Amino acid sequence: MKIILRKQVIDILKNLREKQGLIIASDLANDLNIDYVVLMSAINDLISYDLGGFKEEEINHISLNKEGMTYLKSGLPERQLLEIMIHQDLKEISIEKFIKLSKMEKPLFYIGLSNLKQNKWIAQSKASGESMIFLTAEEFPKTEIEQFLNIFNKKKVLNYSELSPDELTIIDVLNKRKLINKTQKTQRIIFLTEKGKKLDLDDIEELLQVSKISSEMLSTGSWKDVELKAFDVTKPGPLLKAGKIHPIINLINEIREVFLSMGFTEIRGPIVESAFFNFDALYQPQDHPARELHDTFYLDNPKISKLPDKERVLAVKNTHENGGESGSTGWRYKWDENIAKKTLLRTHTTATTVRKLAQYYLEIDKKPIKVFSVDRVFRNEKVDKSHLAEFTQIEGIVIDDNVNLCDLIGLLSEFYRKLGFKKIITRPGFFPYTEPSMEVSVYYDKLGEWLEMGGSGIFRPEVTYPFGIKEPTRVLAWGQGLERIAMLYYDRKDIRDFYINPIKWLRQQSYHK
Ligand code: PHE
């Protein structure tokens, strides 16, 4: 019958078989360079297959202390003193002189002296008044203690239980002379059973430890033979540095969700736009300062853009010059088609919503519409921590009959509420293309402040009439920068962070918002 063991247990079993006999558990753990607890758990596995076991043993270890070790090298004090007498051929000497000659500390000298006396190697007499020492013996064989000490030359540690009664009395003496250390502990001795010793290694199979059960293991049934590795679920997983959606895109998608949930449809327009849609169709006079080079990026290639059909262009021209059908007096200047044909990078996405008006004009079955755009715009701005030359605008329009300012305020409240801003406030504003116009501010709980978000209003007749949108049909519009919201959402103080890509911060961002 096969015995299935963990790899570590097999290694330990092989090691025990090589070593044969009894092995002290702590020594084996040291040998194998494994933790004592790990070793004992492996031994428990051996026990469960009756391959091995351990027994516990009280151990009383005896070893020489520091002083004992010096005597082991240079002899006990009595032997040292004797050597002096023999070397110098002294048959007798006064204690005073002997102390000096020995160069020993007094206490040690007296210990040596008393042992010399005990060994009956010397005698002491005060007969002459002075304390004198006489060598009395002729031979000085190694004493029992000296012989015993020699054992420590071979073995550093002796086991109390292995000592004879005679040896134990010597230990007693050494103990009294304070030359030894005694340590007491319980140790485990590992052994192999007969079965463990004789077992054919081919009968052992390694237990597979796996961290995952594969479909193959399930179909073959081999999952029964494996052990599942335990997981430490408290350990943090590895940091994944996989690509993820940029926070700005996450926010754009969230805004898209808000618009879609409110029944809006997304529209997109060209980045390279005509001045016509960017300015003229929005009733911005051709000498308007916003149209200047220092605000707007004009393009050399393509230099000229295509305008819509002649009639629409004429309607816009007339509106600028005399108000056209809008009922306005117009700006009263000579409108230049060539200026309207200039190409530029759109400065706002209102260019895209007004394009929608032109499209709407062509529709035969005109129904109310709600469209939005979240897209890139460009302005000739000096870049700093709150300005970018290239940024994103959020824009929405509603075309419907009789819609009014209350509808617009309702829409804005709903829109910003869905973005997480519970309170909004509107104030009169000005845009060349809306009347009335409103600035929208939202209350930001975190800062306890009102923050200006963007502009809004109802497109002027000068904007809508050239595209056939006439009373009672009106167009509600609003627009704002996206990065302003992003700075609040992601708590960034510098607007440029969204485009210089601070990698550390990006790595901290979640994969999905
Ligand atoms: N186009 C304006 C801007 O760029 C915002 C706006 C859009 C204002 C629509 C009124 C109506 O700030």
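Colleague: Which residue meets Asp365 in a salt bridge?

Modeller: Lys367. The two side chains meet at 3.2 Å, N to O. This is a predicted model. The general idea is simple: side chains of opposite charge can pair when their charged atoms come close.

Colleague: Is Asp365 buried or exposed?

Modeller: Asp365 is exposed, because its relative accessibility is 52% and the cut-off for exposed is over 50%. Lys367 is exposed too, with a relative accessible area of 51%.

Colleague: Which salt bridges join into one network?

Modeller: Those of Glu194, Lys197 and Lys198, which share partners.

Colleague: How many salt bridges does the structure hold?

Modeller: The structure holds 30. One of them pairs Arg177 with Glu78, at 2.9 Å, N to O. Arg177 sits in the loop between α9 (165-176) and β8 (180-192), and Glu78 in helix α5 (residues 77-87), so this pair ties together parts that are 99 residues apart in sequence.

Colleague: Are Arg177 and Glu78 buried or exposed?

Modeller: Both are buried. Another case is Glu462 with Arg460, whose side chains form a salt bridge at 3.2 Å, N to O. Those two residues are buried as well.

Colleague: Where on the surface does negative charge gather, and in which residues?

Modeller: Look for a patch made of Asp287, Glu292, Asp295 and Glu381. Patch members need over 30% relative accessible area and no salt bridge. Take Glu381. Its relative accessible area is 32%, so Glu381 counts as partly exposed.

Colleague: Where is the place of Glu381?

Modeller: In the loop between β15 (369-378) and β16 (390-401).

How values were computed: Residues are numbered from 1 along each chain as its sequence is written. This is a predicted model: local features need pLDDT of at least 70, side-chain atom pairs count only at pLDDT 80 or more; totals for chains, interfaces and linings use all residues. Side-chain values use heavy atoms; hydrogens and water are left out. Patches are made of residues with over 30% relative accessible area and no salt bridge: like charges are joined within 9 Å, nonpolar side chains (Val, Leu, Ile, Met, Phe, Trp, Tyr) within 5 Å. Accessible areas come from the Shrake-Rupley method with a 1.4 Å probe; for residues, only the protein chains shown count as cover. A salt bridge is a side-chain nitrogen of Lys or Arg within 4 Å of a carboxyl oxygen of Asp or Glu. Lys and Arg count as positive and Asp and Glu as negative; His and the chain ends are not counted. The place of a charge is taken as NZ of Lys, CZ of Arg, CG of Asp or CD of Glu. Helices (H or I, at least four residues) and strands (E, at least two) are DSSP runs, numbered from the N terminus. Buried means under 20% relative accessible area, exposed over 50%, partly exposed in between (1.4 Å probe, protein chains only).
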